[in-house]
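Open the structure in your viewer and keep the selection tool at hand.

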Amino acid sequence: MTTFEQVPVFQCEFEDDRTGLSKETIKRALADNLFYIQGKVPATATPNDYYMALAYTVRDRMLQRWFKTTEVYTKKGVKVVSYLSAEFLLGPHLSNNLINLGIYDLVRQVVEESGLDFVQLREIEEEPGLGNGGLGRLAACYMDSLSTLEIPAIGYGIRYEFGIFDQEIRDGWQVEITDKWLHLGNPWEIPRLEETIEVKFGGRTEAYYDEKCRYRVRWIPDKVVKGVPYDTPISGYNVNTVNTLRLWKAEAPESFEFQAFNVGDYYGAVNRKVVSENITKVLYPNDELMKGKELRLEQQYFFVSCSLQDMIRLHLQKGESLETFHQSFAVQLNDTHPSIGVAELMRLLVDEYEIEWDQAWQITQNTFGYTNHTLLPEALEKWTLSLFKNLLPRHLQIIYEINQRFLGQVRAKYPNDSDRLARLSLIDESGEKYVRMANLASVGSHAINGVAALHTELLKRDVLGDFHELWPEKFSNKTNGVTPRRWIVVSNPLLANLITRKIGVDWISHLEDLKQLEAFIEDAEFRREWRQTKQDIKGYLATYIKENHGIEVNPESLFDVQVKRLHEYKRQHLNVLHIITLYKRIKDNPNIEITPRTFIFGGKAAPGYFMAKLIIKLINSVGDVVNNDPDVRDRLKVVFLPDYNVRFGQRVYPAADLSEQISTAGKEASGTGNMKFAMNGALTIGTLDGANIEIREEVGEENFFLFGLTTEQVYELKSKGYNPWDYYHNNPQLKQVIDLISSGFFSHGDTNLFRPLVDSLLYHDPYMLFADYQSYIDAQDQVNQAYRDQEHWTRMSILNAARMGKFSSDRAILEYCQEIWNAVPVKIELEEYIQGRAGLKV
């Protein structure tokens with residue numbers, strides 16, 4: 001018999017290529033993804049191929065956490081926060097995920113050792129154009145904080161094929177370009193084709209009695225659209241939690257109709273597909289025309305119906321009864337866009353699952369919370385009854401029923417008060433009849449909140465005053481916040497590193513720790529480092545402006561920045577009046593001593609908003625004159641940077657010395673740009689509006705440049721009869737500035753170009769620029785003086801950053817969890833990755 005000598009067995013440990021974090025494993029994974037996912041070899045690979053391979057390599061390292069998070073939520077039966085928002089302005093994923101996973105420096109080193117340019121690959125990433133401004137960015141910050149705080153959550157929205165338009169400036173005018181953010185693919189999303197949901201539109205309703213002789217209504221639609229979910233992982237910072245953002249794409253039930261094709265109707269063969277997919281084609285269609293309004297309502301109902309049906313599916317999968325639905329999901333309505341959800345959940349519960357009305361209403365009210373984001377009447381959505389009936393006939397019936405029962409309660413409490421009934425009604429009957437979506441959201445939710453202390457008080461007093469009088473217990477304030485991961489760590493690594501060297505790393509998830517920086521305020525070396533860091537950042541932006549826009553700016557000048565959506569109430573044109581005032585001073589006395597300033601603007605105007613577009617033209621026209629006048633000698637520069645988005649903000653917020661937050665008091669709900677600027681060390685010039693009030697309280701009034709009327713003064717002046725002509729005639733400086741614009745000085749002699757803007761100010765001035773002008777100029781003169789003392793300015797800059805702990809989105813989310821959602825953290829523990837546990841036996 002043959003014997004064999006025993007051979008020693010060597011135990012080798014191998015990292016899995018999908019989860020391993022050693023340099024060699026990541027290098028191997030990067031090469032594998034280039035070859036197996038992109039189907040390329042280095043000889044044929046483009047920079048985008050390398051970016052995609054890198055993105056998949058990072059996403060792979062999130063998947064184990066993502067699936068484990070979902071598994072724990074399902075098994076433990078936890079309460080999940082469902083954040084319904086028509087916008088999610090996420091920004092680029094790559095850097096944020098690298099920071100949250102704790103592998104940014106490691107991956108950068110791997111990429112560079114592989115012979116690639118990390119910065120180039122990072123900049124290739126297309127930004128998801130899924131939002132318009134603060135509303136969508138807030139939703140993104142909140143998703144980041146929900147994951148970081150380990151709160152079970154799902155974000156629900158729309159997967160717009162074309163996002164908010166790309167903006168170009170041609171001859172000073174805004175030009176809108178299609179935002180094709182998906183044209184090269186999106187490596188961060190995973191389609192879940194088997195979880196498709198059907199959504200009905202149009203048609204008619206039919207009443208009947210069921211087998212138990214109960215009155216029922218059947219909805220017979222004339223169109224059905226499929227909602228296909230695309231899931232994106234949202235990682236938390238320094239935790240294993242990875243929550244889900246689920247975005248819905250609209251598709252036709254049948255993409256191709258052979259019968260139409262066979263008879264030569266080639267357009268008809270694909271027409272249904274085209275019409276159905278229009279729903280998620282573009283973010284915010286132009287809704288000046290009825291077709292645009294119809295499409296916008298379709299968009300809102302589509303994503304809300306998909307989302308609620310998805311939540312019900314998840315709830316029933318766990319073996320739960322729908323009577324406990326509100327114990328499984330806390331659904332937050334991010335403004336009025338998703339407020340049709342109140343009627344849709346009632347429809348699903350009453351019509352589809354045959355729950356009695358009273359119980360369904362109790363479930364619905366306990367499920368929803370409503371965040372109001374605006375004080376502007378035009379932003380409180382209303383839909384004509386004819387449009388609503390044509391598109392959502394069953395929902396109109398349900399809204400009528402809700403309204404009848406609700407107004408019955410109001411009559412019982414306030415008999416013989418017909419005016420109050422008219423104001424509270426879900427139907428506006430003052431002229432053409434409308435459905436009031438803010439009223440629907442207020443009645444159908446158990447909690448209503450504003451987004452800054454002043455905003456909430458004005459909501460309770462004015463916009464929703466009757467609802468507050470009826471249900472004061474529903475109302476609370478949740479001041480907005482922003483994530484320091486995106487807005488300091490990712491966007492301002494130089495400052496983040498300086499802070500970390502001084503106080504450690506915990507501030508990234510506990511922003512209140514920035515207070516520790518105050519201990520170094522008298523440390524001359526620390527102030528020098530802070531000042532040099534800011535100077536380096538400004539130098540990078542100056543280089544970018546020169547290389548991309550051909551304007552040379554002085555990095556040592558005061559960078560005065562106003563970047564936000566273009567709207568008259570945000571008063572970018574007040575800023576322009578100040579620029580012209582300084583320009584006039586130089587022209588009147590070319591040797592005047594003046595603090596050098598670089599004025600930086602950015603922002604998009606809605607495509608149909610003529611006056612906002614004219615303001616953009618004015619900014620650029622004034623810039624053309626000021627930047628090319630030899631008398632100015634580089635003491636003033638005006639730059640309008642096009643295509644404002646998250647990446648834009650990451651470049652500009654860190655470089656600002658002065659943050660312009662100059663909206664008319666009582667008009668801005670909160671603002672979040674004000675927070676991003678201040679936590680990066682910018683000082684604020686602003687009115688007592690929105691979150692400015694709370695920022696000033698936190699940083700100290702001596703570190704904030706205040707001007708302008710208060711909200712009460714605005715109301716009082718308007719009630720007395722505000723006349724802008726009085727200010728124009730009584731202020732020679734203001735008159736000179738307005739006359740210079742009117743004369744055609746900034747428009748090559750064309751006296752008509754800016755006439756609509758000038759006439760609006762002279763005869764109406766709805767946002768009271770003239771009333772605030774002199775106060776604004778005086779405050780700006782204080783800024784000039786303060787900036788000349790760089791040591792004092794640096795102290796103020798440090799204190800602004802150090803005292804911004806309150807404005808973390810982590811704080812805001814904790815308040816929502818404790819006071820509205822009743823949601824608690826759930827820790828995710830990872831098991832060691834073993835391939836055999838991955839689902840297949842291999």
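This is a predicted model: local features need pLDDT of at least 70, side-chain atom pairs count only at pLDDT 80 or more; totals for chains, interfaces and linings use all residues.

Stop 1: Select Y104, R122, V489, V490 and P493. Of the 36 residues lining the second largest pocket, these are the closest to its centre. The space in this pocket comes to about 1200 Å³.

**Stop 2: the lining.** Colour the lining residues by class: 21 are nonpolar, 7 polar and 8 charged. Next, show the helices that each supply at least two lining residues. Among them are helix 3 (94–101), helix 4 (104–113) and helix 5 (118–124), as well as helix 19 (484–490) and helix 24 (646–652). Helix 20 (493–503) and helix 21 (524–549) also belong to this group. Which helix gives the most to the lining? Helix 20 does, with 5 residues.

**Stop 3: helix 20 and helix 21.** Hide the rest and keep this pair. Two packed helices are described by the angle between their axes and the distance between the axes. Here the angle is about 165 degrees, and the axes of helix 20 and helix 21 lie 9 Å apart. An angle over 145 degrees counts as roughly antiparallel, so helix 20 and helix 21 are roughly antiparallel to each other. Their crossing is right-handed.

**Stop 4: the contact.** Show side chains on both helices. From helix 20, select L494, L495, L498, I499, R501 and K502; they meet F526, E529, W530, T533, D536, I537 and Y540 in helix 21. By class, this contact of helix 20 with helix 21 has 8 nonpolar, 1 polar and 4 charged residues.

Key:
Residues are numbered from 1 along each chain as its sequence is written. Side-chain values use heavy atoms; hydrogens and water are left out. On a 1 Å grid over the protein atoms alone, a cavity is a set of points where a 1.4 Å probe fits but cannot get out, and a pocket is an open set with protein on both sides within 12 Å along at least five of seven lines; lining residues have an atom within 4 Å of a point. Grid points are joined across faces, edges and corners, and a volume is the space filled by probe spheres set on the points. Helices (H or I, at least four residues) and strands (E, at least two) are DSSP runs, numbered from the N terminus. Ala, Val, Leu, Ile, Met, Phe, Trp, Tyr, Cys and Pro count as nonpolar, Asp, Glu, Lys and Arg as charged, and the others, Gly among them, as polar. Axes are lines fitted to C-alpha atoms, for helices over the stretch in contact, and angles run from 0 to 180 degrees between N-to-C directions. Angles under 35 degrees count as roughly parallel, over 145 as roughly antiparallel, 65 to 115 as roughly perpendicular and the rest as oblique. A crossing is left-handed if the near helix is turned anticlockwise from the far one by less than a right angle, and right-handed if clockwise. Contact means heavy atoms within 4.5 Å.
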